[in-house]
Amino acid sequence: MTEPLRVLILPGSARTGSYNLQLARLAESLLREQGAEPLLRDLRALALPLYDGDIEASEGVPQGAHTLVSEMAAHDALLVVSPEYNAFPPPLLINAIDWATRLPEHKPAMAGKPTVLLSASPGALGGIRSLLSLRSFLALNPGLLVLPQQFALNQAAQAFTGEGALRDAQQQQRLQGVLSALLCHAGALRAA
Ligand SMILES: Cc1cc2nc3c(=O)[nH]c(=O)nc-3n(C[C@H](O)[C@H](O)[C@H](O)COP(=O)(O)O)c2cc1C
C-alpha cells in the first residue's frame, strides 16, 4: 500500500475564533477523508520574533524556523489558509516564511512543492485580493509550486455550521475540488 500524502497546513491567523483557522480545520478533516495525512501547524507556537538582521547575527536563526523548514521537508504539499490585512497577507505568515528562507535547507524543502491558497474574511471578497501577492511571494523566492486552484470564503462569520462544515454545499464542493487538485499534483510528483 502507498503511504498517504502528507499535507502541511499553515494558517495565517492564530487568534481565538479565527475564521481562517476554522477553514483550516475543515480542510484538515476533508483532506483526511480523501486519504491524506494533514498536519496543522500553529505558526504562533514557533515564537518567531519579527525578522531582524541583528537578532540573526547575534543569535542565529531561531529554532522555530528550523522546525518549520523540517516540517516542510517532511510533507508532500502545503496548504496556506490566510487572512487578508489591507489587501495583503498578514505578518504572522510573511515573517515565518522570511525566517525560513534564511536557512539554506529551505530550498530543497520548498522548491517545487505543490501548494494551494485558501483565504477567509468576514467581508464580501473573502480575502481574494491578498492571494495574488501571496502567490507571487511564495512562488518567487521559496519557489513553491503554487497551483492555480484557490478558494476565498466570503462572509465567513456566517459561513460555518455548528459542526464546522460550510453551510453552502456549492462552496464546500469547490473547497473539496481545490484540495483534490492539491493531492492530485502531489501524488503525480511522488510517482514521477
Ligand atoms: C489590520 C487589518 C486589516 C484588514 N484588512 C482587511 C482587508 O483588506 N480585507 C478583508 O477582507 N478583511 C480585512 N480585515 C478583516 C479581517 O478579514 C478579519 O479581521 C478576519 O477575521 C481576520 O482573519 P481571522 O478571523 O482568521 O483572524 C483586516 C483586519 C485587520 C486586523
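**Around the ligand and across the sheet**

Let's start at the ligand, where one of its oxygen atoms sits 2.9 Å from a backbone N or O atom of Ala 87. Keep in mind as you look around that this is a predicted model. Ser 13 brings in its side chain instead, with an N or O atom 2.7 Å from a ligand oxygen. On its own the ligand has 620 Å² of accessible area, and the protein covers 70% of that.

Now widen the view to the whole shell. There are 13 residues around the ligand, and the ones that come nearest are Ser 13, Arg 15, Ser 18, Glu 84 and Ser 121.

In general, strands of a sheet pair through backbone hydrogen bonds, either parallel or antiparallel. Here the pairing is parallel, and five strands make an open sheet ordered β2-β1-β3-β4-β5. At the edges you'll find β2 (37-40) and β5 (145-153), each pairing on one side only. From one strand to the next, the twist averages 20°.

For a closer look, pick β3 (residues 77-81) and β4 (residues 114-120): these two run parallel and are joined by four bridges. Within this pair, Leu 79 stands opposite Val 116 of β4. Packed on the sheet is helix α8 (residues 169-191), which touches β1 (6-11), β3, β4 and β5. The direction of α8 makes about 165° with that of β5.

Key: Residues numbered from 1 in each chain as written. Predicted model: local features only at pLDDT ≥ 70, side-chain atom pairs only at ≥ 80, totals over all residues. Heavy atoms only, no water. Near = heavy atom within 4 Å. Polar contact = N/O pair within 3.5 Å; in protein donor to acceptor, adjacent residues only side chain to side chain. Areas by Shrake-Rupley, 256 points an atom, 1.4 Å probe, with all protein chains shown as cover. Pairing = 2+ DSSP bridges. Axes fitted to C-alpha atoms, helices over the stretch in contact; angles between N-to-C directions. Contact = heavy atoms within 4.5 Å.
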